[in-house]
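This report looks at how parts of a protein model pack against one another. Please keep the sequence and the structure open while reading.

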Amino acid sequence: MKFEEAMEKLKKITEQLEQGELPLEETLQKFEEGMKLIDFCEKKLDETEKKIKVLIKEGEELTLKDWKKEDSQEDSLILE
Amino acid sequence: MLSVSTHIYTVDEITSYLKVLIENEEKLQDIWIRGEVSNFKSPSRHLYFSLKDGESLLSCIMFQEKAQNLNFALKNGLEIIARGNIGLYKPQGRYQLYVEEAFPVGKGVLYLAFEQLKEELKKKGYFDPQHKVPLPYLPSRIGVVTSLEGAAIRDILTVLEKRFPNLEIIISPCRVQGDEASKEIAQAIKNLNQYGKVDVIIVGRGGGSFEDLFAFNEKIVAEAIYNSRIPIISAVGHEIDVTISDFVADERAPTPSAAAERIIPPKQNLVELLKEKREKLCYLMENYLNSLHTELRKTKSSPFFKQPYRYLRDFKQELDEFRRRISSSFIQRVRWERAQFLNLIHSFKQAFPQRRLKEMRERLEREREKLQKAEEFKLKEEKKNLSFWRNRLLSLSPHSVLKRGYSICFSYPEEKIIREYNQVKEGEKIRVKLYKGKIYSKIYQIEEEK
């Protein structure tokens, strides 16, 4: 699931709970689902590691190389 | 020859006529003209100059709102290409070019190419809104097509890092300036599409001259952007720079930094948003549970639950009432039915005459017996009475008194009944009559009864 999909679902659940017309069981279920979605979104925010890579095509092969600011000279060499 | 009938025009009439003539001539409207700038002056915010070549000279005016878009300085001797409309300024009786835009000649050629390509791609539908793909809200991987050396990559990385410290960024490097740049940009876009794991691509570079940015006006770049499966945000140069890639891309950002800001919301905002959502959900849940509790309490405190037996009692009573009503109506019904039945039988019996006759006879018999008995009884009673009175009479006779042991004394020989002691004296003779026989005796002693 995408982050925005989760957020959309969360919005719907919140609205439903705000109306307060659901029976108890369903309310609990929605609440739980909402909490899970929030957990999911929070996880999504943190799951990625900071990574900067440079995509290079050598012949027909695509390769990822680490990007280092200091070695930008080297990177540019790869480009040639 | 001048005659009375000759029409004499006013200057204004002729000038107005010429004005209409010129300004309605299509060949003189929206035209490109090349020439060398002379007589340049700018007394107000508008620009006045002439364009000349060989032996001809054309007055030009560029109003301030157009002039502010010039990205070069006008000066005498500069060869430019200007676009505009020929018009006539009546107060000076002068036709002139009202300039819309202008470029130095070198750039002018490029600009013409730009305009042509823009027109071509527009016709092909490259700019149509239905080809625009919305950018993802939170890309998990971001592609960047730019030079590794330029200011753009640093700006983009800085903004991204500030907004979202943990992001995966894939740079697809390319030159962004020079003859090979357009091919490299196109290839870099294709490479990212082939790699396929990025959700959005920034294509751009920092500011520069019109020529510097021109790679982003090439057809090959436009096609690469148009064919990209991954959404692309174009960020070329500064605010005022507009390139073909801006038109083709799914979105346009004024600068590379702005593009970075556009594609990712600040992480902190999202974290806070989620925190708010969590609190909101908890709050709603708590509210909901509270309302349930309140309802429950209310229900519990309702008299029904407080004194359930009271209600039960009422029910019982009601039930009894029903039972009574049902059974009484039933009994009544049965009684009534039975009465009806007996009536029926009775009237049925009555209907037979023999039976009635017999009944009458029986009744007659009964009456006679009754009468007989009454008479017998009367006779007996009278006999009884008779013997009573005889006995009574008998008991009163002296004989029966004597029989009970009493005796009667008579004086002798007078034969008077002696009742008191002073009727006789000692020595006198008396006769005593008994039940059976009599005694003659002499009084021996008298005593007075006190």
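## Nonpolar cores

In this predicted model, the largest nonpolar core holds 46 residues, and those with the most contacts inside it are A:W67, B:I142, B:L160, B:I169, B:I171, B:I263 and B:L281. Another core lies apart from it and has 37 residues, including B:F127, B:V176, B:I189 and B:F210.

## Helices α4 and α8 of chain B

Within chain B, helix α4 (residues 151-163) packs with helix α8 (residues 256-263) at an angle of about 30 degrees, and their axes are 8 Å apart. Angles under 35 degrees count as roughly parallel, and α4(B) and α8(B) are therefore roughly parallel to each other. Their crossing is right-handed.

On the side of α4(B), the contact is made by B:A152, B:D155, B:I156, B:V159, B:L160 and B:R163, while α8(B) brings B:P256, B:S257, B:A260, B:E261 and B:I263. Sorted by class, the residues in this contact of α4(B) with α8(B) are seven nonpolar, one polar and three charged. Two of the contributors, B:L160 and B:I263, were also named among the residues with the most contacts inside the largest core.

Helix α2 (residues 24-47) of chain A and helix α9 (residues 267-301) of chain B cross at roughly 165 degrees, and their axes come within 10 Å. Because of that angle, α2(A) is roughly antiparallel to α9(B). The crossing of α2(A) and α9(B) is left-handed.

From α2(A), the residues that make the contact are A:L24, A:T27, A:L28, A:F31, A:G34, A:M35, A:I38, A:D39, A:C41, A:E42, A:L45 and A:D46; from α9(B), they are B:K267, B:L270, B:V271, B:L274, B:K277, B:R278, B:L281, B:C282, B:M285, B:Y288, B:L289 and B:L292. By class, the contact of α2(A) with α9(B) divides into 16 nonpolar, two polar and six charged residues.

## Chain B as a whole

Chain B has 13 helices and 13 strands, and buried residues make up 32% of its 450 residues. Of the contacts in chain B with a separation of 6 or more, 59% are between residues 24 or more positions apart.

How values were computed:
Residues numbered from 1 in each chain as written. Chains lettered and ligands numbered in written order. Predicted model: local features only at pLDDT ≥ 70, side-chain atom pairs only at ≥ 80, totals over all residues. Heavy atoms only, no water. Core = buried A, V, L, I, M, F, W, Y, C linked by side-chain atoms within 4.5 Å. Buried < 20%, exposed > 50% of the residue type's maximum accessible area, 1.4 Å probe, protein only. Axes fitted to C-alpha atoms, helices over the stretch in contact; angles between N-to-C directions. Helix = DSSP H or I, 4+ residues; strand = E, 2+ residues; numbered from the N terminus. Parallel < 35°, antiparallel > 145°, perpendicular 65-115°, else oblique. Left-handed = near helix turned anticlockwise from the far one by under 90°. Contact = heavy atoms within 4.5 Å. Nonpolar A, V, L, I, M, F, W, Y, C, P; charged D, E, K, R; others polar.
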